[in-house]
Amino acid sequence: MDVKSTKASSILADPSPMNKSRLGIRSNLLPCSQSGPSFTTSVPTVTRKKPGKLDDVRSNGWLDAMQSSSPPRKKVNKDFNGVDLVSDEAEIAYQFWMIRYPSALNSFQTITGREMNKKLVIFLDYDGTLSPIVDDPDRAFMSDDMRSALRNVAKYFPTAIISGRSRNKVYELVGLTELYYAGSHGMDIVFPAKDLVPEKHVKCVKSTDNKGKEANLFQPASEFIPMINEVFRNLVEITKDIKGAKVEDHKFCVSVHYRNVDENSWPVIAQNVHDILKGYPRLRLTHGRKVLEVRPVIDWDKGKAVEFLLESLGFSNRSDVLPIYIGDDRTDEDAFKVLRKKNRGYGILVSTVPKESNASFSLRDTSEVQDFLESLVKMAQEDDDEDASYDTN
Ligand SMILES: [Mg+2]
């Protein structure tokens, strides 16, 4: 694995809401956050920031990315009975956006390639895709109905979870032994011993899976573990007095959550993380939804993890295999890109607001993800019933 040396201040922001990016301006270069989802074509208002002590994080765009990485909530008004009404403007913008990213539920036949009898492989992110985003990341539980849908999907199709969390943590939250798990944005993959070890990846070692069975383990960033442990300890120490800040160790990456931090303290948290990373040029920063993520600079991401798992399943370069990836994060875009390349499969972005994406389709929220998974199961059951009736005729 090539380990590149680069500056620690690399920025990768969450997909930006549509209106500014349609103007050709990257949202993480804009000095103010989006005021609401819309398709307005007017030039956005630019608020000048006063120069201050925190010039490092301001000049390199960290603060802007922190604001633009957190999609604005929809404006909600109450009617006379106290029922929530989402503003018409937001809904119209979303409907326009869906022309480019059609609903995966309405495009189900197109996505599943049913007429072409393709073998589906399902990849899923966890947070914001299978479980709702919540204030406390330790309480991002998936519902029993979602778990049941996922278990049924895995009966019919190879199914993998690719999460930014540590592999053990995401397994603890999902609790299904039937699935493949890739933690730390794909930097920690376990797969059955009977599967192929992709030729290029000699770093695979023997291990055991969640059922205690012999398995292969692939950890392309294993050499970074001592460094990540050190950075984790430093980040815990430097953020301990910032109310609401939470630092999580994901084994090959570290998250600094600021969802519960007062926005006035965001510059402080950004500067503290920036100061720590100055000493680690082999680590970089990416922006998620109200989370700063520190990860190794290696040529590996969720897209590479998808390719790796397809190869281990023996599905590389198979025209009769159709991978589908469902996710809501900036890091999922790498997987969407891999599938979009050569029309290999379909990416489905989960989002309640319009965003630029490499995905081909969209789902609005986790409940629509569940509907989609249940539709996959229903389709597979119908196919089974058809096959049984052919057998008896
Ligand atoms: Mg997510």
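User: Where in the chain is the place of asparagine 317?

Analyst: This is a predicted model, and in it asparagine 317 sits in the loop between H10 and S13.

User: What is the phi of asparagine 317, and how should I read such a value?

Analyst: The general idea is that most residues other than glycine have a negative phi. Asparagine 317 has a phi near 55°, which is a positive value in a residue other than glycine. Serine 184 also has a positive phi, near 50°, and is likewise a residue other than glycine; the place of serine 184 is in the loop between S5 and S6.

User: What share of the residues of the chain count as buried?

Analyst: The chain has 393 residues, of which 52% count as buried, and its secondary structure comes to 12 helices and 15 strands. For contacts between residues at least 6 apart in sequence, 65% join residues that are at least 24 apart.

User: Which residues of helix H7 are buried, and how do I read their arrangement?

Analyst: In helix H7, residues 167-174, the buried ones are Arg167, Val170, Leu173 and Val174. They lie on the same side of H7 because they cover an arc of only 130° around the axis. On the other side of H7, Asn168 and Glu172 are exposed.

User: How many residues of helix H11 are buried?

Analyst: Helix H11, residues 333-340, is mostly covered, since six of its eight residues are buried. Those buried residues are Glu333, Asp334, Ala335, Phe336, Val338 and Leu339, and they pack against helix H10 (302-312), strand S13 (321-327) and strand S14 (346-350). H11 is followed by lysine 342, whose phi is positive, near 55°.

User: How is a pair of packed helices described, and at what angle do the axes of H8 and H9 cross?

Analyst: Two packed helices are described by the angle between their axes and the distance between the axes. Here the axes of helix H8 (residues 225-239) and helix H9 (residues 266-277) come within 10 Å and cross at roughly 150°, and the crossing is right-handed. On the H8 side the contact is made by Val231, Asn234, Leu235, Ile238 and Thr239, and on the H9 side by Ile269, Asn272, Val273 and Ile276. By class, this contact of H8 with H9 has six nonpolar, three polar and no charged residues.

User: Is glutamine 271 buried or exposed?

Analyst: Glutamine 271 has its place in helix H9, and it counts as buried because its relative accessibility is 10%. Glutamine 271 and valine 57 are 214 residues apart in sequence, yet their C-alpha atoms are 5.8 Å apart in space.

User: Which residues does glutamate 248 touch?

Analyst: Glutamate 248 has its place in strand S9, residues 246-249, and is buried, with a relative accessible area of 11%. Leaving aside residues up to four places away in sequence, glutamate 248 touches Pro137, Asp138, Arg165, Phe232, Cys253, Val254, Ser255 and His257. From C-alpha to C-alpha, glutamate 248 and arginine 165 are 8.7 Å apart in space, while in sequence they are 83 residues apart.

Methods
Residues are numbered from 1 along each chain as its sequence is written. This is a predicted model: local features need pLDDT of at least 70, side-chain atom pairs count only at pLDDT 80 or more; totals for chains, interfaces and linings use all residues. Side-chain values use heavy atoms; hydrogens and water are left out. Axes are lines fitted to C-alpha atoms, for helices over the stretch in contact, and angles run from 0 to 180 degrees between N-to-C directions. Helices (H or I, at least four residues) and strands (E, at least two) are DSSP runs, numbered from the N terminus. A crossing is left-handed if the near helix is turned anticlockwise from the far one by less than a right angle, and right-handed if clockwise. Contact means heavy atoms within 4.5 Å. Ala, Val, Leu, Ile, Met, Phe, Trp, Tyr, Cys and Pro count as nonpolar, Asp, Glu, Lys and Arg as charged, and the others, Gly among them, as polar. Buried means under 20% relative accessible area, exposed over 50%, partly exposed in between (1.4 Å probe, protein chains only). The arc is that of the directions from the helix axis to the C-beta atoms.
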